[in-house]
Amino acid sequence: MNDTTAVRSRMVRHVSIDSDQPYAEFRDAYETAVPAFDRLEAMGVVRSGAGWSGITALSDATAGSGLVNVFTFDPSPLMKLNGSTRGGVTYLAANIVRAERGFRVDPACFLYIPLRIMIAETEHGTGQISFDLPADLMAVFGRASLDEVGAGASNTLAALLKHLRVPVPAELHDRVTDPEIPAGASPVQAAPRPIPGTQ
């Protein structure tokens with residue numbers, strides 16, 4: 001391996017929480033809390049000359065729970081053509097203003113920003129939310145400033161889970177500053193798993 005290539009291995013914990021709410025209802029609640037990002041509106045702010053303060057104002061107005069959805073992938077209708085009966089949607093969610101701190105340090109950290117979040121229908125018909133812990137994702141870069149970005153993302157996710165009325169795993173609570181977010185029994189599936197291709 002030459003000095004222009006770096007291969008790093010680390011463990012990432014995966015969080016999976018059953019909302020105990022009907023899938024369609026939970027998905028609707030998530031999409032209300034994390035509204036779609038309007039790219040044209042954002043470009044309008046850029047072209048207006050309002051600068052970064054204009055982007056911050058737009059973010060404050062749209063990211064009510066701290067995140068906006070920049071991309072949605074719903075393969076469910078396609079999968080039903082071959083007999084799959086359950087639903088599942090992948091979202092890419094971000095707060096571009098908060099994430100800018102990471103981009104400034106190392107643009108490569110946007111490999112993990114926006115956050116990848118999955119809402120899946122369980123065999124019982126409830127909605128399950130899952131994601132990888134941001135702190136673990138950012139740890140690969142080995143920089144304290146990016147660890148702080150990961151901690152901030154953990155805090156945002158914890159607040160979102162609280163808003164959606166699902167348990168907040170202790171693994172996120174460790175990074176949370178909101179005293180109203182309960183710690184305690186964690187439904188997290190925290191068995192570490194290696195990142196594919198790093199073994």
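In this predicted model, Phe-103 is partly exposed, at 43% relative accessibility. Phe-110 also counts as partly exposed, with a value of 24%. A search of the whole structure gives three aromatic pairs. Phe-103 and Phe-110 form one of them: the ring centres lie 5.1 Å apart and the planes meet at 75 degrees, so the arrangement is edge-to-face.

Another pair joins Tyr-112 and Phe-141. Here the centres are 6.2 Å apart and the planes stand at 70 degrees, so this pair is edge-to-face. Tyr-112 sits in the loop between helix H5 (96–105) and strand S5 (115–121). Phe-141 sits in the loop between helix H6 (134–139) and helix H7 (144–163). The pair therefore ties together parts that are 29 residues apart in sequence. Tyr-112 is buried, because its relative accessible area of 19% falls under 20%. Phe-141 is buried as well, at 16%.

The largest nonpolar core holds 26 residues. Within this core, Tyr-30, Ile-129 and Phe-131 touch the most other members. At least two residues come from each of strand S2 (14–22), helix H1 (23–33), strand S4 (88–94), S5, strand S6 (126–132) and H7. H7 gives the largest share, five residues.

Ile-129 has contacts well beyond its sequence neighbours. Leaving out residues up to four places away in sequence, Ile-129 touches Val-15, Ser-16, Ile-17, Phe-26, Tyr-30, Ile-117, Met-118, Ile-119 and Leu-161.

Conventions:
Residues are numbered from 1 along each chain as its sequence is written. This is a predicted model: local features need pLDDT of at least 70, side-chain atom pairs count only at pLDDT 80 or more; totals for chains, interfaces and linings use all residues. Side-chain values use heavy atoms; hydrogens and water are left out. Rings of Phe, Tyr and Trp (its six-membered ring) pair if their centres lie within 6.5 Å; planes under 30 degrees apart count as stacked, over 60 as edge-to-face and the rest as tilted. Buried means under 20% relative accessible area, exposed over 50%, partly exposed in between (1.4 Å probe, protein chains only). Helices (H or I, at least four residues) and strands (E, at least two) are DSSP runs, numbered from the N terminus. A nonpolar core is a set of buried Ala, Val, Leu, Ile, Met, Phe, Trp, Tyr and Cys residues joined through side-chain atoms within 4.5 Å. Contact means heavy atoms within 4.5 Å.
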